[in-house]
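Work through the exercises below with the coordinates open. Each task is followed by a solution in steps.

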Amino acid sequence: MMEGRKQEGGGTMALVPPNKNPIVVLQAKYKEIEVGFRGWLTKQSLPVEAAVVTITSSIQGAAIGGFMGTLTNDASSLMPPPPAGAGNQALASFQQAQALSGGPLIQARNFAVMTGVNAGISCVMKRIRGKEDVQTSMVAAFGSGAMFSLVSGMGGPNMATNAVTSGVFFALVQGGLFQLGQKFSQPPVEDIFYSRTRGMLSNLGLQNYEKNFRKGLLTDSTIPLLTDSALRDVRIPPGPRLLILDHIRSDPELQKKR
């Protein structure tokens with residue numbers, strides 16, 4: 001199939017190669033740029049990396065906050081201010097409502113602060129400690145929560161106390177979400193014993209027979225020991241059996257383990 005076509009003037013106009021989805025091509029290009037940028041960033045000094053991460057994350061947060069602010073349509077302008085002499089608690093509640101329901105500019109500022117501070121602290125913590133864990137996540141969340149409280153004016157007259165309170169709340173929520181994500185992102189223990197088996201069957205186009213391996217308890221450690229009779233016992237047809245055994249014979253690493 002031709003990958004280009006002639007224009008009326010005699011030239012050619014490039015077309016997307018066959019079987020190439022433009023969206024997939026753009027996603028691949030974006031991923032390539034992202035990987036290259038991250039690789040460049042890891043080679044920079046800590047101050048440079050932290051500054052770049054903070055700025056880029058703040059820009060992303062501002063865009064998200066601005067969009068969300070357009071949905072609220074600055075509902076804070078419709079709220080009546082507290083009457084004179086209403087007390088500090090009423091004033092603090094009014095300021096909190098303003099911070100959470102402001103228009104695009106207010107929400108852009110709030111989200112820029114939260115995401116920028118969170119990303120910057122996380123970057124510094126990961127470089128210093130060499131890992132990303134729940135402690136790093138909670139420290140970053142505490143900083144972003146405290147800064148959000150100070151910038152948005154949610155603290156009212158007791159700004160320092162409320163900044164600490166907001167920081168602790170953010171840290172607890174972030175820590176809980178981190179632990180929850182870790183729990184659900186880890187594969188079940190039983191899948192650990194079939195990871196190489198799954199890869200082998202997938203490469204051979206025989207992934208439908210993974211259940212046969214599981215029923216026969218043919219784990220990754222048994223791959224070098226597989227025989228025709230063992231595969232027959234778990235009811236794998238002759239054709240797939242031949243492919244599996246040929247794969248084992250042609251793999252030098254598996255042959256060493258036999």
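The exercises concern a predicted model and go from the whole chain to single residues.

**Exercise 1. The chain as a whole**

Task: State how many helices and strands there are in the chain, and in what order the elements run.

Solution. 
- Step 1. The chain has 12 helices and 2 strands.
- Step 2. Read from the N terminus, the order is β-β-α-α-α-α-α-α-α-α-α-α-α-α.
- Step 3. Of the 258 residues in the chain, 30% are buried.
- Step 4. Among contacts with a separation of 6 or more, 56% are between residues 24 or more positions apart.

**Exercise 2. A salt bridge between helices**

Task: Which residue forms a salt bridge with Arg-127?

Solution. 
- Step 1. The partner is Glu-49, and the closest N and O atoms are 2.1 Å apart.
- Step 2. This pair links distant parts of the chain, with Arg-127 in helix H4 (residues 104-129) and Glu-49 in helix H2 (residues 46-72), 78 residues apart.
- Step 3. Glu-49 is buried because its relative accessibility is 10%, and buried means under 20%.
- Step 4. Arg-127 is partly exposed, at a relative accessible area of 36%.

**Exercise 3. Another pair, and a network**

Task: Are Arg-129 and Asp-133 buried or exposed, or in between? Then find the network that includes Lys-31.

Solution. 
- Step 1. A salt bridge joins the side chains of Arg-129 and Asp-133, at 2.7 Å from N to O.
- Step 2. Arg-129 has 34% relative accessibility and counts as partly exposed, whereas Asp-133, at 13%, is buried.
- Step 3. The structure has 9 salt bridges.

**Exercise 4. The largest pocket**

Task: Give the volume of the largest pocket and describe its lining.

Solution. 
- Step 1. The volume is about 660 Å³.
- Step 2. The lining consists of 25 residues; Arg-38, Leu-41, Val-53, Ser-57 and Lys-126 lie nearest the centre of the pocket.
- Step 3. At least two lining residues come from each of H1, H2, H4, helix H5 (134-152) and helix H6 (159-185).
- Step 4. H1 supplies the largest share, 7 residues.
- Step 5. By type, the lining has 9 nonpolar, 9 polar and 7 charged residues.

**Exercise 5. Positive phi**

Task: Where do Leu-217 and Arg-235 lie?

Solution. 
- Step 1. Most residues other than glycine have a negative phi.
- Step 2. Leu-217 is not a glycine, yet has a positive phi of about 55°; it lies in the loop between helix H9 (210-215) and helix H10 (228-233).
- Step 3. Arg-235 has a positive phi near 60° and is in the loop between H10 and helix H11 (238-250).
- Step 4. Leu-217 counts as exposed at 61% relative accessibility, and Arg-235 counts as exposed at 74%.

How values were computed:
Residues numbered from 1 in each chain as written. Predicted model: local features only at pLDDT ≥ 70, side-chain atom pairs only at ≥ 80, totals over all residues. Heavy atoms only, no water. Salt bridge = Lys/Arg side-chain N within 4 Å of Asp/Glu carboxyl O. Helix = DSSP H or I, 4+ residues; strand = E, 2+ residues; numbered from the N terminus. Buried < 20%, exposed > 50% of the residue type's maximum accessible area, 1.4 Å probe, protein only. 1 Å grid on protein atoms, 1.4 Å probe; cavity = no way out; pocket = protein on both sides within 12 Å on 5 of 7 lines; lining within 4 Å. Points joined across faces, edges and corners; volume = space filled by probe spheres on them. Nonpolar A, V, L, I, M, F, W, Y, C, P; charged D, E, K, R; others polar. Contact = heavy atoms within 4.5 Å.
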